[in-house]
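Biologist: I have the structure open and would like to go through some of its packing with you. Could we begin with a pair of helices?

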Amino acid sequence: MIVISLIMRLIAGTALMLLVAVLALLFDGADRIVHARMQRRLGPPLLQPFLDLLKLLGKENIVPRRAVPWAYNGAPWLAVAAMLLVFLYIPVGSLPPVLGSEGDLILVIYLLGLSGVAMAVGGFASGNPIANVGAQRELILMMSYELPLAVVVATLAHVAYRTGMPGEPFSLETFAGMSVWGAMGKVGFLGILCLFLALVLVVPGETGKGPMDIPEAKTEILEGLIIEYSGTNLAMFKITFALRATAMSAIIVALFLPWSLGGALGLGSIFLFALDFFWFWVKVFVVQILFVTFMRTAFGRFKIWQAAEFYLIKVAGLSIAGMILASLDLVM
């Protein structure tokens, strides 16, 4: 039975990761189209990310003479592997996560951070001074948004524990099974709203797009930490960028927007799972358009010190306010 369970998990995990990679690239194509239309441009075709990927996979991997080869070549693969593993801990609609019993929100945060660190290591290992600047910016940005992200996760886990939500407090499956909005009173509702807004504001930093496009900054440091990459290595980084946006959107949906469409329609069995599976990815797409595409179109790029101040003071303050309001509601 244990062997069969492992085989089933392996098959389900592989299928999910392949599906997620395809959907992330499709969402990236839609993101580029919507971004262009908001700027009154036509934009590329929907499948342009796939065409770019195929072109890069046919190119040669060039390793700079001053690079550290093992770190330079390994960083893109570690970054994309970490991002794909994130989806194995996220419940998709009414389906439980593939590895739900083996990890929780803390592990998800670790994997998100591991992907960013791998990208920074690749920049440092390239030996290029411009990539070095981009890698330093990536690490500064990570250290800035990790504080509000940790406050949001810890507060939600505390709420889940104190309100008796079924499941482990740090498990994403707990929040997918019961909406955290309905577990709180009026004061707590405002607290949850603050936490939701704080997590939404973390998305540009985690994805490195829009106002937080600082480590790459095409017009400033010429793609920054990936300036020396080409071929398959660059293709892996392009997939990583697409996966980061989709992963953050999926986490927001699982934590704050878990509502089941199939359950609302009274469906059961396979119809419930199929409809909720489709509905989950629709919600992820809408969240990505609203909080990635719109924000990167509407706002200009921050300077690195502005980004650090924004996350360490404003967004962290918003998340702490949410923590205080939620805590007050729990003791009232």
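Predicted model: local features only at pLDDT ≥ 70, side-chain atom pairs only at ≥ 80, totals over all residues.

Biologist: Within what distance do the axes of α3 and α4 come?

Modeller: The axes come within 8 Å of each other, with α3 covering residues 69-86 and α4 covering residues 105-125. The crossing of α3 past α4 is left-handed.

Biologist: Which residues of α3 and α4 meet there?

Modeller: On the α3 side they include Ala-71, Tyr-72, Ala-75, Leu-78 and Met-83. On the α4 side, Val-108, Leu-111, Ser-115, Met-119 and Gly-122 are among them. By class, the contact has 17 nonpolar residues, two polar ones and no charged ones.

Biologist: Tyr-72 is aromatic. Which aromatic cluster does Tyr-72 form part of?

Modeller: Tyr-72 forms one aromatic cluster with Tyr-229, Phe-237 and Phe-241.

Biologist: And how many aromatic pairs are there in the whole structure?

Modeller: The search finds ten aromatic pairs. One of them joins Phe-27 and Phe-285, whose ring centres are 5.3 Å apart; their planes stand at 45 degrees, so this pair is tilted.

Biologist: Where do Phe-27 and Phe-285 lie in the chain?

Modeller: Phe-27 is in helix α1 (residues 2-38) and Phe-285 is in helix α11 (residues 269-298).

Biologist: What sort of aromatic pair do Phe-280 and Trp-281 form?

Modeller: Phe-280 and Trp-281 form an edge-to-face pair, with 5.0 Å from centre to centre and 80 degrees between the planes. Phe-280 is buried, with a relative accessible area of 4%, and Trp-281 also counts as buried, at 7%.

Biologist: Back to α1 for a moment. Is Asp-28 buried or exposed?

Modeller: Asp-28, which lies in α1, counts as buried because its relative accessibility is 15%, and the limit for buried is under 20%.

Biologist: What is Asp-28 in contact with, leaving aside its neighbours within four places in sequence?

Modeller: Asp-28 is in contact with Pro-49, Lys-209, Ala-242 and Gln-288.

Biologist: Let us change topic to the valines. Where is Val-180 found?

Modeller: Val-180 is in the loop between α6 (172-177) and α7. At 0% relative accessibility, Val-180 counts as buried.

Biologist: What surrounds Val-180, apart from neighbours within four places in sequence?

Modeller: Val-180 is in contact with Leu-156, Val-159, Met-165, Phe-175, Ile-192, Leu-255 and Phe-256. Leu-156 is 24 residues away from Val-180 in sequence, and their C-alpha atoms are 8.0 Å apart.

Biologist: What about Val-202: which helix is it found in?

Modeller: Val-202 is in helix α7, residues 186-207. Val-202 counts as buried, with 1% relative accessibility.

Biologist: And which residues are in contact with Val-202, again leaving aside those within four places in sequence?

Modeller: They are Tyr-145, Pro-148, Leu-149, Met-248, Tyr-311 and Val-315. For Tyr-145, the C-alpha atom is separated from that of Val-202 by 6.2 Å, although the two residues are 57 apart along the chain.

Terms used:
Residues numbered from 1 in each chain as written. Heavy atoms only, no water. Axes fitted to C-alpha atoms, helices over the stretch in contact; angles between N-to-C directions. Helix = DSSP H or I, 4+ residues; strand = E, 2+ residues; numbered from the N terminus. Left-handed = near helix turned anticlockwise from the far one by under 90°. Contact = heavy atoms within 4.5 Å. Nonpolar A, V, L, I, M, F, W, Y, C, P; charged D, E, K, R; others polar. Buried < 20%, exposed > 50% of the residue type's maximum accessible area, 1.4 Å probe, protein only. Phe/Tyr/Trp six-rings, centres within 6.5 Å; stacked < 30°, edge-to-face > 60°.
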